[in-house]
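Please keep the sequence and the structure in view while reading.

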Amino acid sequence: MKKVSFLLTVLFTLALTACVHKTLITPSQSRVGYSAWNTQVSYTHCDPLPKTGKPESVRGTWEVNDGILQHKASEEAPLAICNYIIPSNHYTIQCTARKDSGPDGFIIVFNYVDAQHYCQLNYGYEGNTMHAIEQISGDGKKQLATRSGSIETGKWYNVKLTVAGDSIKAWLNSELMFDEVLK
C-alpha cells in the first residue's frame, strides 16, 4: 500500500509540475499590425491602442491618408506594425479593414515580437477563398486553423481579436470566425 501511495504522489507531482511549467506561445509583451499579399488594402487604427502615429513600416510601401493606413502596391507580405507595445499576453483589439483591389483579402498581425516571429489573421487568402490563423517563425509559416470564406472588394469589415494567453478568438463583422488555442 505504501508503494502505491508513493507512486501516486510522484505521478501527481509530475503532472502538477508539467501544468505549472507549460510555456506559453503568446509572448508576455508584443505588438499588433497589418499586412497583405499582392493586394491593396486599407486599415483604420486599432482600438484601444493609443494613437501613436503612423505604424512602423517593416516591409513594403505604406502611407496614411486622412487617418487611414493604406498599402497601394502589389507586394508580397508588406508589414506595418503599430508602435505601441502591449504589456500583457491578454488583450483585445478592434479595427476596420478593407480590401481595395487584388487577388486576396487583408491580414491582421498579432503577437508580433519581430519580423520573424508573429501570428496573423489572414482573411481571404488562397485567392480569396479561405480564412486562417497562421504562425510565422523564422522562414516558416504554419496554419493553425482554416475555414472557407472570402472578402468583398471595397467593403469595410469590423475585425475583433481577443488574446488570452494562448487562447485566440477572432470575429469578422460580429461573426465568430475562430476560437482556437495556439500550439
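There are 6 aromatic pairs in this model, where rings of Phe, Tyr and Trp (its six-membered ring) count as a pair if their centres lie within 6.5 Å, with planes under 30 degrees apart called stacked, over 60 edge-to-face and the rest tilted. The rings of Tyr43 and Phe106 have centres 6.5 Å apart and planes at 85 degrees, so this pair is edge-to-face. Because Tyr43 lies in strand S2 and Phe106 in strand S8, the pair ties together parts that are 63 residues apart in sequence; strands (E, at least two residues) and helices (H or I, at least four) are DSSP runs, numbered from the N terminus. One aromatic cluster is formed by Tyr34, Tyr43, Trp62, Phe106, Tyr123 and Tyr157.

The model is predicted, and local features need pLDDT of at least 70, side-chain atom pairs count only at pLDDT 80 or more, and totals for chains, interfaces and linings use all residues. Residues are numbered from 1 along each chain as its sequence is written, and side-chain values use heavy atoms, with hydrogens and water left out.

How accessible are some of the residues discussed here? Buried means under 20% relative accessible area, exposed over 50%, and partly exposed in between (1.4 Å probe, protein chains only).

| Residue | Relative accessibility | Class |
|---|---|---|
| Tyr43 | 0% | buried |
| Phe106 | 0% | buried |
| Thr96 | 18% | buried |
| Asn128 | 13% | buried |
| Asn173 | 30% | partly exposed |

Strand S8, which holds Phe106, is largely enclosed by the rest of the structure, because 7 of its 9 residues are buried. Strands S1 and S8 run antiparallel and are joined by 4 bridges, and two strands count as paired if DSSP finds at least two bridges between them. Within this pairing, Ser35 has Ile107 in S8 as its bridge partner. Strands S8 and S9 also run antiparallel, with 6 bridges between them, and a hairpin of 2 residues joins S8 to S9. Phe106 stands opposite Tyr123 in S9.

Which residues have the most contacts inside the largest nonpolar core? They are Tyr34, Tyr43, Phe106, Phe110, Leu121, Tyr123 and Val159, in a core of 34 residues; such a core is a set of buried Ala, Val, Leu, Ile, Met, Phe, Trp, Tyr and Cys residues joined through side-chain atoms within 4.5 Å. The strands that each supply at least two residues of this core include S1 (31–37), S8 (106–114), S9 (117–124) and S12 (156–164). Apart from this core lies another, of 7 residues, among them Leu79, Val109, Tyr112 and Ile136.

Val159, leaving aside neighbours within four places in sequence, is in contact (heavy atoms within 4.5 Å) with residues including Ile93, Phe106, Leu121, Tyr123 and Trp171.

Thr96 is found in strand S7, and a polar contact of 2.5 Å joins its side chain to that of Thr44. A polar contact is a pair of N or O atoms within 3.5 Å; within protein, one must be able to donate a hydrogen and the other to accept it, and residues adjacent in sequence count only if both atoms are side-chain atoms.

Two asparagines call for a look at the backbone. Most residues other than glycine have a negative phi. Asn173, in the loop between S13 and S14, has a positive phi near 50 degrees.
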